[in-house]
Amino acid sequence: MKKLGAFLVTCFLGLTLTACSSTTAAPQGSAVQPDTGSGSAVIKPEIPEPGSSQGSGSAAENADPNVRTYRDCTITVIGYSLTQDINGDPALRIEYLFENKSKSAASFSTTVIPNAYQDETGTYDEPLAYTTPEKSDAAYSAMLTLIKPGETITCAGYYKLESTELPVYLKVHDLRDSTADALIRTFDIAGLSPETLPAGSAEPE
């Protein structure tokens, strides 16, 4: 009986050793990647260069770099000029065409955020301060004007300049959709005299 028990134990041990030896080790130098259950890779977001335009909406809608179609509106940059603000300081006037594509009344100021930047590196760190025009400007007042769905209106923003030589980088964000790409433009203002560049002549990149 003892011999039979010893025989069975020996067979069991033999089977155990055979099963363990069948496991193959990963070759040296290779990394065994754990299965995360995800087929996507994490990609860092691409930061646009100053003056570039990233698409939002169809390619046809945004073929013109001065135009950006958002969910509730279409913004068109139609001109810019060097001017003065209410304090007599140099300012940049940027003129926009705002089309309301929402289902209710809306204004330029309640739909988009038009920030301008100016520095030597072309980064978007500190936006230029908004300012008030020296003279009465109906387009400036129109930024707060509510218009009906399907209507368009001309608006103008004024930005206090830090320099009349450095370029200005414009970045218009959709206030209602933070995932939408911004309208990005670069304005070379060096050498401009006040009001020498009429509205409607935004220069292409």
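**Close-up views around Phe108**

**View 1. Phe108 and the residues it touches.** Leaving aside residues up to four places away in sequence, Phe108 touches Ile75, Tyr96, Phe98, Pro114, Met143 and Cys155, where a contact means heavy atoms within 4.5 Å. This is a predicted model, in which local features need pLDDT of at least 70 and side-chain atom pairs count only at pLDDT 80 or more, while totals for chains, interfaces and linings use all residues. Residues are numbered from 1 along each chain as its sequence is written, and side-chain values use heavy atoms, with hydrogens and water left out. You will find Phe108 in the loop between β3 and β4. With a relative accessible area of 0%, Phe108 is buried; buried means under 20% relative accessible area, exposed over 50%, and partly exposed in between (1.4 Å probe, protein chains only).

**View 2. The whole chain, for orientation.** Let us step back for a moment. The protein chain has two helices and seven strands; these are DSSP runs numbered from the N terminus, with helices (H or I) of at least four residues and strands (E) of at least two. Along the sequence they follow the pattern α-β-β-β-β-α-β-β-β. Of the 205 residues of the chain, 36% count as buried. Among contacts between residues at least 6 apart in sequence, 67% join residues at least 24 apart.

**View 3. Strand β3 and its two partners.** Strand β3 spans residues 90-100, and eight of its eleven residues are buried. Strand β2 (residues 73-84) runs antiparallel to β3, and eleven bridges join the two; strands pair if DSSP finds at least two bridges between them. Here Ile75 has Phe98 of β3 as its bridge partner. The hairpin of β2 and β3 has five residues between the strands, and Gly88 takes a positive phi near 85° there. Strand β5 (residues 152-160) is also antiparallel to β3, joined by nine bridges. Across from Leu92 stands Tyr159 in β5.

**View 4. Aromatic rings that meet.** Rings of Phe, Tyr and Trp (its six-membered ring) pair if their centres lie within 6.5 Å; planes under 30 degrees apart count as stacked, over 60 as edge-to-face and the rest as tilted. By this rule the count comes to five aromatic pairs. One of them is the tilted pair of Tyr96 and Phe108, at 4.9 Å centre to centre and 35° between the planes. Tyr96 lies in strand β3 and Phe108 in the loop between β3 and β4 (112-117), so this pair ties together parts that are twelve residues apart in sequence. Tyr96 and Phe108 are both buried. Tyr140 and Tyr158 make an edge-to-face pair, 5.7 Å centre to centre with 85° between the planes. Because Tyr140 lies in helix α2 (residues 138-141) and Tyr158 in strand β5, their pair ties together parts that are 18 residues apart in sequence. Tyr140 is partly exposed, with a relative accessible area of 29%, whereas Tyr158 counts as buried at 6%. Finally, Tyr96, Phe98 and Phe108 form one aromatic cluster.
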